[in-house]
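This briefing goes through selected features of a structure, grouped by topic. The sequence and the coordinates come first.

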Amino acid sequence: MRLSEEVKQIFCEVAELTEIPAGAYNFRVNGKSVGRQSSENIDIKPKTDVSGLEIYIKADTKNEIVHIPVAISVTGIEEDVYNDFHIGDNSDVTIVAGCGIYNCGGENSVHNGIHRFFIGKNCKVKYIERHLGLGRGAGGKILNPTTELEVGENSEATLYMEQLKGVDSTIRITKANLAKDAHIVVEERLLTHGRQTAESVYQIELGEDSTADINSRAVARDISRQKFASCIVGNSRCRGHSACDAILMEDASVLAEPALDAKSPDAALIHEAAIGKIAGDEIIKLCSLGLTEAEAESKIINGFLK
Amino acid sequence: MLEVKNISFVADGRKILDNVSFRLEPGSFLVITGPNGSGKSTLAQILMGIKKPSAGQILFDSQDITEFSVTERAKLGLAFAFQQPVKFKGLTVRELLEIAGKNVEGVLTKVGLDPTEYLDRELSSTLSGGELKRIEIASALAREAKLTIFDEPEAGIDLWSFEKLTDTFSELRDQTKDRSIMIISHQERILKIADQIMILEKGKIKSFGPATEILPKILEGQK
């Protein structure tokens, strides 16, 4: 498998891949699969009706990782990709997705990734998704991920979703439907700069005794614009928490629209939102330890987005 | 090592500090006390560069540092423990203390916190006010600075930890010959371990001298 330097860089940054991984994987480059491998427990097949993959993970699969990174390194590509994950009962697996666009041309390159998860009972699923834009062309680097999860009884889904540089526009939609005793934890990290825009939307439906913990931390710089909209629906006895923390720099703006929809008196739902610039006392404290103001600011931002 | 010359500070037309002058020699252990609103914390903040004086001059190791930034003062050997500890979302105790100095585990132990339990905790609301305060003090200790200023270290700390802290201050006094400590405090226990005491009142120095002279007057006044 020959990969260009740009693609290697993208795979390294979005999936921490420097070599072909052991286990199941699919590498998608410029609209085509350039390498695919199934494992004994994880079967990856192309979809026949639309572009994308069917990924079947056998019941009782433990400690396996699936890598499905995507790279676009040419200008003017626009693709919709549908990946469905069917995860058998009692599995404990990690899915490393992520997409990078290297656009040096004048036309937009767009990746719309629609990931659907059908998680069985008693599973532990970790999903890691990093998005990245590179290249100095005038064409946009646009990534619109949609993540939909059906989390089975007594299962746990943990999502790490990160977009830290170079993506001009993104609309991120995350929907989850939790069965009895299911749990979801989301850690989202977003940084926008220049004229970028980012919108992050959550719709979480909580079943009996299920829990949700959604944590979004965002930094908006320059004249970028972000919107965070979440809705946690408590349909029965359940616990839901969402927190949106955003740091504003220069002339950036952030709109937070948190919503809680308690449809049962036993639903305990909490939302926290805080938007503001870096507190002056944080900078002074780090300066008192010997850092310059610029070093202090960088330390605070990097820590916040960890 | 420190020479404060005619420092005044005016805020909202009110004189918070009025022509304050004093000298501090290396190895000093000074406690500044006085009623609320007497200007103690303002003086400490001016020394660290957090506030700019309206008039006056500050010399540190014979160098005029009046116009120096907080960073420049820190690099010269001043350290400061804030009265209100600062929270950082995303920064761990270890990361903060590693910025401050090398002995990260040692300084945590000195303030009564178990490093194995605390080093990887985030400096956020997940820690109690008392824990954050002790970490704040640890971060100042880690600097091993020529002059460390503690602004009301007792505020927000439970009694047991406070006793441990006074022991730590006593050790510091006994162990360091060239380094100086300045503590803003109301606490008798802290006043009792001081070498020198300054009483500030309405922005002026009311008394300043050896603790053996000043402390009996304070204790007499409390009766």
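A:Gly100 sits in strand 9 (residues 99-102) of chain A; strands (E, at least two residues) and helices (H or I, at least four residues) are DSSP runs, numbered from the N terminus. The model is predicted: local features need pLDDT of at least 70, side-chain atom pairs count only at pLDDT 80 or more, and totals for chains, interfaces and linings use all residues. Residues are numbered from 1 along each chain as its sequence is written, while chains are lettered from A and ligands numbered from 1 in the order in which they are written.

**Surroundings of A:Gly100**

- A:Gly100 counts as buried because it has 29 C-beta neighbours inside 10 Å. A residue is buried with 20 or more other C-beta atoms within 10 Å of its own, exposed with 12 or fewer, and partly exposed in between, C-beta atoms being placed from the backbone.
- Not counting residues up to four places away in sequence, A:Gly100 touches A:Ile10, A:Glu13, A:Val14, A:Ala71, A:Leu132 and A:Leu134. Contact requires C-beta atoms, placed from the backbone, to lie within 7 Å.
- A:Cys12 is 88 residues from A:Gly100 along the chain, and their C-alpha atoms are separated by 10 Å.

**Strand 1 of chain A**

- All five residues of strand 1 (residues 25-29) of chain A are buried.
- A:Tyr25, A:Phe27 and A:Val29 lie on one side of strand 1 of chain A, with A:Asn26 and A:Arg28 on the other. In a regular strand, side chains alternate between the two faces of the sheet.
- Strand 1 of chain A runs antiparallel to strand 2 (residues 32-37) of chain A, joined by five bridges; two strands pair if DSSP finds at least two bridges between them. A:Asn26 has A:Arg36 as its bridge partner in strand 2 of chain A.
- The hairpin of strands 1 and 2 of chain A has two residues between the strands, and A:Asn30 takes a positive phi near 50° there.
- Strand 6 (residues 70-72) of chain A runs parallel to strand 1 of chain A, with two bridges joining them. A:Val70 in strand 6 of chain A stands opposite A:Arg28.

**The nine-stranded sheet**

- Nine strands of chain A form an open sheet of mixed pairing, in the order 3-4-7-10-12-14-16-18-20.
- Strand 3 (42-46) and strand 20 (253-262) of chain A are at the edges with a single partner strand each, so one side of each has no neighbour in the sheet.
- Strand 14 (residues 169-178) and strand 16 (residues 197-206) of chain A pair in the parallel sense over ten bridges. A:Thr197 in strand 16 of chain A is the bridge partner of A:Ser169.

- A:Ala296, A:Lys299, A:Ile300 and A:Phe304 are buried in helix 3 of chain A.
- The buried residues of helix 3 of chain A pack against strand 17 (211-220), strand 19 (238-248) and helix 2 (280-287) of chain A.
- Between the chains, 17 residues of chain A are in contact with 19 residues of chain B. Helix 2 and helix 3 of chain A are the elements that give two or more residues to the side of chain A that touches chain B. Helix 2 of chain A provides the largest share of that side, six residues.

Conventions
Two residues are in contact if their C-beta atoms, placed from the backbone, lie within 7 Å.
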